[in-house]
Amino acid sequence: MLVNLDLHIHSRYSMAVSGDMELGQIAKGAAHKGVKIVGTGDCLHPLWLESIKKLPEDDGLRRQGDTLFLLSVEVEDSRRVHHLILLPDTGKAEELAEGFSPHSGNLHQDGRPRLHMSGAQIADLVFEAEGLIGPAHAFTPWTGMYAYHRSLSECYQEKADRIRFIELGLSADSDYADRIAELSDKTFLSNSDAHSPRTNKLAREFNQMEVEGCSYREIALAICREKGRGPTLNAGFFPGEGKYNRTACTRCFHHFSAKEMNDLMGRCSHCQGQIKLGVADRIDLLA
Ligand SMILES: [Zn+2]
Ligand SMILES: [Zn+2]
């Protein structure tokens, strides 16, 4: 069977997220968009996890109406790189929260916690909790893995081989990611990173996968492309419409080429603001 999934969203316990991001509204919004499985987001946050645990369990997923929630969370590492984590059940989420808690000052405050750990150290604990981890919006200039690292192994070190997916982000698509040789055997995920349940945010990007049923194990098999399961479609925006696609001044948004940015040493010639390398130019460099 084919199923649509959006595996990266945030709850109302993350910064700058709509108060409407609670399970009932998300479930309704997802059903409206035709997306069956949604990541819970923020599953290490104690209050959010409490509300997730109140929903009936279905093979590791939690059911609300026609929607199934898969335990997920985004964390920020000590380099500011964002990672997307998927977990098999609430017990593993509690275990992971306990493992992270000595390394975080805001695990109980922010749904997207900051961890004083490297990508490799984070991956280590995720694998211990039998979860999956990969870079979130891998190419974005502020918090994407490829903004700070040239390769998966620079970020995850000896754990890099066990990274099975990268999230593309709104400013890149599978054609972009296909230009990076080390990604040839990785699965590309397209998720919304929604901060609101409205139809223009929730599931604005999503994945379609071939699975035999709806369970964490089936989704994990599809992400790892094993036993005939696998992704069949990445639905996403035209990357040129993404906020971070072009190299631009972060203050006045004037566009520059990568060479102009270099010549100006990153200072905007119009307003003295900071120029950030866009996703398209970063991928050119990496490729
Ligand atoms: Zn992020
Ligand atoms: Zn400027």
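Is helix 4 mostly covered or mostly exposed, and how many of its 10 residues are buried? Helix 4 is mostly covered, with 7 of its 10 residues buried; buried means under 20% relative accessible area, exposed over 50%, and partly exposed in between (1.4 Å probe, protein chains only).

This is a predicted model, in which local features need pLDDT of at least 70 and side-chain atom pairs count only at pLDDT 80 or more, while totals for chains, interfaces and linings use all residues. Residues are numbered from 1 along each chain as its sequence is written, chains are lettered from A and ligands numbered from 1 in the order in which they are written, and side-chain values use heavy atoms, with hydrogens and water left out.

**Helix 4 and the cores**

The buried residues of helix 4 are G119, A120, I122, A123, L125, V126 and F127. They pack against strand 5 (67-76), strand 6, helix 3 (90-100), strand 7 and helix 6 (152-156). Helices (H or I, at least four residues) and strands (E, at least two) are DSSP runs, numbered from the N terminus. After helix 4 comes E130, with a positive phi near 60 degrees.

A nonpolar core is a set of buried Ala, Val, Leu, Ile, Met, Phe, Trp, Tyr and Cys residues joined through side-chain atoms within 4.5 Å. The largest one has 59 residues, and I85, F100 and F139 have the most contacts inside it. Helix 4 (residues 119-128) supplies the largest share of this core, 5 residues. Apart from it lies another core, of 21 residues, among them L132, L189, I223 and C224. Leaving aside neighbours within four places in sequence, I85 is in contact (heavy atoms within 4.5 Å) with residues including L71, V73, F100, I122 and V126.

**Zinc site**

The zinc ion (ligand 1) has E74 (OE), H82 (ND1) and H137 (NE2) as protein donors, lying 1.9 to 2.2 Å from it. Donors are N, O and S atoms within 2.8 Å of the metal (3.2 Å for Na, K and Ca); water is not among the atoms, so sites may look incomplete. Along the chain the donors follow the spacing E-x7-H-x54-H. H82 in strand 6 (residues 82-87) and H137 in the loop between strand 7 (132-135) and helix 5 (145-148) are 55 residues apart, a pair that links distant parts of the chain. Both H82 and H137 are buried.

**Domains**

The domain assignment, which is automatic or from a database, gives domain 1 (2-239) and domain 2 (246-286). Their contact takes 13 residues from domain 1 and 10 residues from domain 2. The C-alpha centres of the two domains lie 29 Å apart. Between them, domain 1 and domain 2 bury about 1000 Å², 70% of it on carbon and sulfur atoms; buried area is the accessible area (1.4 Å probe) that two parts lose on being put together, summed over both. The count between the domains is 1 salt bridge.

**Salt bridges**

A salt bridge is a side-chain nitrogen of Lys or Arg within 4 Å of a carboxyl oxygen of Asp or Glu. By this rule the count comes to 16, including those below.

| Salt bridge | N to O distance |
|---|---|
| D284 and R179 | 2.8 Å |
| E154 and R150 | 3.0 Å |
| E158 and K159 | 3.1 Å |
| K53 and E50 | 3.8 Å |

K53 and E50 are 3 residues apart in helix 2 (residues 46-53), so about one helical turn separates them. K53 is partly exposed at 33% relative accessible area, and E50 is partly exposed at 40%. E50, K53 and E94 are linked in a network of salt bridges. E158 is exposed, at 58%, whereas K159 counts as buried, at 12%.
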